[in-house]
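Please read these notes with the structure open beside you. They are numbered so that each point can be checked in turn.

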Number of protein chains: 2
Amino acid sequence: MFTIGRNTDYASRIVLHLASLEPGARVTAADIASRRLIPAAFIRRIVSRLSAVGILATVRGSGGGIALARPAAQITLKEVVEAFEGTLSLNGCVESPESCPLAVTCPVQQAWIGATHHLAAYLAGVNFADLARKTYGLKRGSPPGNGSAALRLIKRSL
Amino acid sequence: MFTIGRNTDYASRIVLHLASLEPGARVTAADIASRRLIPAAFIRRIVSRLSAVGILATVRGSGGGIALARPAAQITLKEVVEAFEGTLSLNGCVESPESCPLAVTCPVQQAWIGATHHLAAYLAGVNFADLARKTYGLKRGSPPGNGSAALRLIKRSL
DNA sequence: GTAAAGATTACTAATCTGGTAACATTACGT
DNA sequence: ACGTAATGTTACCAGATTAGTAATCTTTAC
């Protein structure tokens, strides 16, 4: 079971959170931490990374905070993943074919490359405006398994 | 960069090797090890696993060896991957949604699920008969970057 | 100048990974 | 029966990675 790391998971929650607010809204890291159940100390590093990559824009100092650097529709899940996992690559030989001495005749390598591209294309097709819309829809539709503390937390944050 | 593990990589080479031989051919682990550049000690555990999962069939004792348990066309890359990585799941919440307290309202979870299914479908569409055919084609076409020890090794093994 | 915010770095404990080795089991041949 | 050739199983190790914590630095509004 190869999965994305916690950082990537948290990062996607953070971006989703910002995408769910009014466009241009700016909030503090501590705020996101409490509402999205992410260890506060983590947020700083993650946000720092996301802003270095151009996904978030931060303002330092008192009164500062965090916002999306671009419209949510222009931020894809692929970008967020790659910010923490590096360029997508299901096997080492996808990035550096020379690392495998058998590469010249290896058809499995082609399969890894194909799978990697497939996955990347899918993730590139997911943008956070669409994702945020789905969350928002919850408030109107029939709320599933209502009443949990977590659910109330999220709703309050919107 | 989340990648498959070495075990999975080696496993795919092993299955490919067997798929490249005449149907039903049986060879020893040591033989595969030397021809496919896999640490000999590794092969046993990997083969053992692959046979437990029903991909390979082994015969113990003197004169024994390893063979495909089924026609290569019926063995997919997904099976091999899952034998070592477990059920495909790009994030923990794909397997066990209850593990994330925010899951009820989390649209990103849906994205992870979608991406996982997409990837799984791709890998399920790759079978080793097709892969082996591609290797074989090398012997006829114009050999690229010829003359390497590795290449000669592979050719000899076919 | 002080307090509020993000930026950066260092550190730890736990887990995972790749790899090695030793030993156990099975079966064929003589 | 015994020896040998083969797979099966287990234990072990060193290094890397991961999740998480904490301390400190830098910027900025008031």
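1. Keep in mind that the model is predicted.

2. In an α-helix, residues three or four places apart point the same way, because a turn takes 3.6 residues. After H4(A) comes A:Gly86, with a positive phi near 80 degrees.

3. How are the two chains related? Chain B is superposed on chain A by a rotation of 180 degrees, with 0.0 Å of shift along the axis and an RMSD of 0.0 Å. This is therefore the relation of a two-fold axis. Both copies use the same surface, since 100% of the contact residues of chain B recur in chain A. The residue of chain B closest to the rotation axis is B:Leu119, whose C-alpha lies at 3.0 Å.

4. Around DNA strand D there are 25 residues, and the nearest of them are A:Gly5, A:Arg6, A:Pro39, A:Gly61 and B:Ala29. In chain A, helix H1 (6-19) and helix H3 (40-52) each give two or more residues to this surface. H3(B) gives the largest share, 5 residues.

5. What is the make-up of the surface near DNA strand D? Its residues are 7 nonpolar, 13 polar and 5 charged.

Note on methods:
Residues are numbered from 1 along each chain as its sequence is written. Chains are lettered from A and ligands numbered from 1 in the order in which they are written. This is a predicted model: local features need pLDDT of at least 70, side-chain atom pairs count only at pLDDT 80 or more; totals for chains, interfaces and linings use all residues. A residue is near a molecule or strand if its C-beta atom, placed from the backbone, lies within 6 Å of it. Helices (H or I, at least four residues) and strands (E, at least two) are DSSP runs, numbered from the N terminus. Ala, Val, Leu, Ile, Met, Phe, Trp, Tyr, Cys and Pro count as nonpolar, Asp, Glu, Lys and Arg as charged, and the others, Gly among them, as polar. Copies are superposed by least squares on the C-alpha atoms of residues with pLDDT of at least 70 in both. Two residues are in contact if their C-beta atoms, placed from the backbone, lie within 7 Å.
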